Amino acid sequence: MTTHADSAGTDINPNTEASTNAGHDIPLPRRGDILTLDIENAAFEGRSVARVAGLVVFVDGAVPGDRVRATVFRKKKQYAEARVDEVLVPSPHRVDPACTHFGVCGGCKWQHMRYEEQLRWKRQHVMDAFQRIGGLEDVTVNDTLPSLSPFWYRNKMEYSFGEMRWLLADELGEVSRDAELFAVGLHVPKRYDRILHIDACHLQSEESNRILDATRRFFLERGVRAFSTRTHEGDLRHLVIREGKHTGERMVYLVTSRRMEEHMQDYAALLQREEFGVSTLVQGVTQRKSTVAIGETDVVLFGEGSIRERLGGNTFRISPTSFFQTNTLQAERLYALAEQAAALRADDVVWDLYCGTGTISLFIARDVKHVVGVELNEAAIRDAERNAADNGITNTQFICADIVDFLAPDARDGGIADGIPAPDVIITDPPRAGMHTKVVDAIGRSGVSRLVYVSCNPATSARDCGLLAEHGYVIEDITPVDMFPHTYHIECVIRLRREESAG
Ligand code: SAH
């Protein structure tokens, strides 16, 4: 059955009980239907939206403004899901994706959308979240700050080896059996046992792509097997490439199941060739079944075993597995915005909640009196302390604690926060889940007038800001910052204020 959904763009509320289809002649879509759809919106999670007979249809592979022919592959009560078969009339916002893996690789879902349009949708998603979830009307949301470069922005790529290569339709029968049993690339979305062979990725660097290709050839020629997540046989697990965008230093971290002495000296010699620009090679060895790229023991094959990267005025040492913001240049702009939003003064005491390895604390330390960083992860706190010492910064203090405990009402009476100077400013940068309600309440009670919320998830920060509004906080403005071009992810700097006397 083919339905021409000329009704796309009706003013019917998507939440209306769709099955009634009141007042429409067009039948509701069913699984297997082929529809002509006019794409209206970019939804969360990188999909786009059309409507048929008042029913929302989520479409994979389309751009707002496209007219497409698409097949419905799922039908639920409130919505349907469809996949594009053919673009009938391309959207003016559509561009040719730079990457040959686009559409299969889950990494860059929006590469076919003009970059300016991606930025516009990210801002729209932030506005929608604050209105719908936070219940906050008339919030000023500035234009999204673009990434300085929409490609080659990542300082870290993590590839996996697999013995189940994901074969594209036009590759079936064209690759040799050996290659079918050996792939290095990225996980196919929702298929954790399948690895998509990556020829070249546009997110890190040309050198990174050369390393990926040379590594694949080297081990394939030697008949070394990829680790199987099903049988747990095979030696090659992960290839992690990290580089300092400011320093030019580059690390290869190869995670394997055993030492493989018979190969590693030759592999090290290969990677020392100039074209790869590798400053250090580390091998992580692990027998664990888990699929995270962490060795139980790390062996340095050449170089220092870590690289350096600059962020703001500071230099950070990055080990194979340490956490570091993946888009260095944009992280500097994010932190600069957070600093501006905090309107810092030389005599300020700042609390940096969820401080990670202290990158924000150290970024602002020279401009204020004292910074207190709080973070749950012990290794991150140790890194933060070492980073402060390495950069000669003496006015920071790092505390390993759950923020909930740190801010607990009785914490000041002999508890964790005892003896810690009260804040003039709080900067908070929680994980995607946002802040615990106890944390929101404690901030509400703290009386602090300048609050900056750095958020990697507009849905949870909108929720938290809705609660903070009940404590008298007003959002001055929100600036979305694009840290991950071509993905739907968006970071925000939210500037909140409260009258000193309020609360
Ligand atoms: N501000 C840092 C890191 C932010 S990521 C940066 O810009 O690099 C969020 C951090 O919150 C992580 O390091 C995570 O370990 C920490 N975290 C998560 N839940 C926490 C909790 N309940 N208490 C303290 N820290 C927590």
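Biologist: Why is Phe 363 called buried?
Modeller: Its relative accessibility is 16%, and buried means under 20% relative accessible area, partly exposed lies in between, and exposed is over 50% (1.4 Å probe, protein chains only). Phe 363 therefore counts as buried. This is a predicted model, in which local features need pLDDT of at least 70 and side-chain atom pairs pLDDT 80 or more, while totals for chains, interfaces and linings use all residues. Residues are numbered from 1 along each chain as its sequence is written, and side-chain values use heavy atoms, leaving out hydrogens and water.

Biologist: How many aromatic pairs does a search of the whole structure find?
Modeller: The search finds 8.

Biologist: What makes Tyr 335 and Phe 363 an edge-to-face pair?
Modeller: Ring centres of Phe, Tyr or Trp (its six-membered ring) must lie within 6.5 Å, with planes under 30 degrees apart stacked, over 60 edge-to-face and the rest tilted. Here the centres are 5.6 Å apart and the planes stand at 70 degrees, so the pair is edge-to-face. Tyr 335 belongs to helix α5 and Phe 363 to helix α6 (residues 359-365), so the pair ties together parts 28 residues apart in sequence. Helices here are DSSP runs (H or I, at least four residues), as are strands (E, at least two), numbered from the N terminus. Tyr 335, at 3% relative accessibility, is buried.

Biologist: How do you know that Arg 83 lies over the face of Phe 73?
Modeller: The rule asks for NZ of Lys or CZ of Arg within 6 Å of the ring centre and within 35 degrees of the ring normal. Arg 83 lies over that face at 4.1 Å from the ring centre. Arg 120 lies over the face of Trp 121, at 5.1 Å.

Biologist: Which residues of α9 meet which residues of α10?
Modeller: Thr 437, Val 440 and Ile 443 in α9 meet Asp 464, Leu 467 and Leu 468 in α10, where contact means heavy atoms within 4.5 Å.

Biologist: What makes Asp 138 exposed?
Modeller: Its relative accessibility is 78%, so Asp 138 counts as exposed. Asp 138 sits in the loop between α1 (115-132) and β8 (156-162), with a phi near 55 degrees. Most residues other than glycine have a negative phi.

Biologist: Why is Ala 343 called partly exposed?
Modeller: Its relative accessible area is 37%, so Ala 343 is partly exposed. Ala 343 is in the loop between α5 (328-341) and β17 (349-353), and has a positive phi of about 45 degrees although it is not a glycine.
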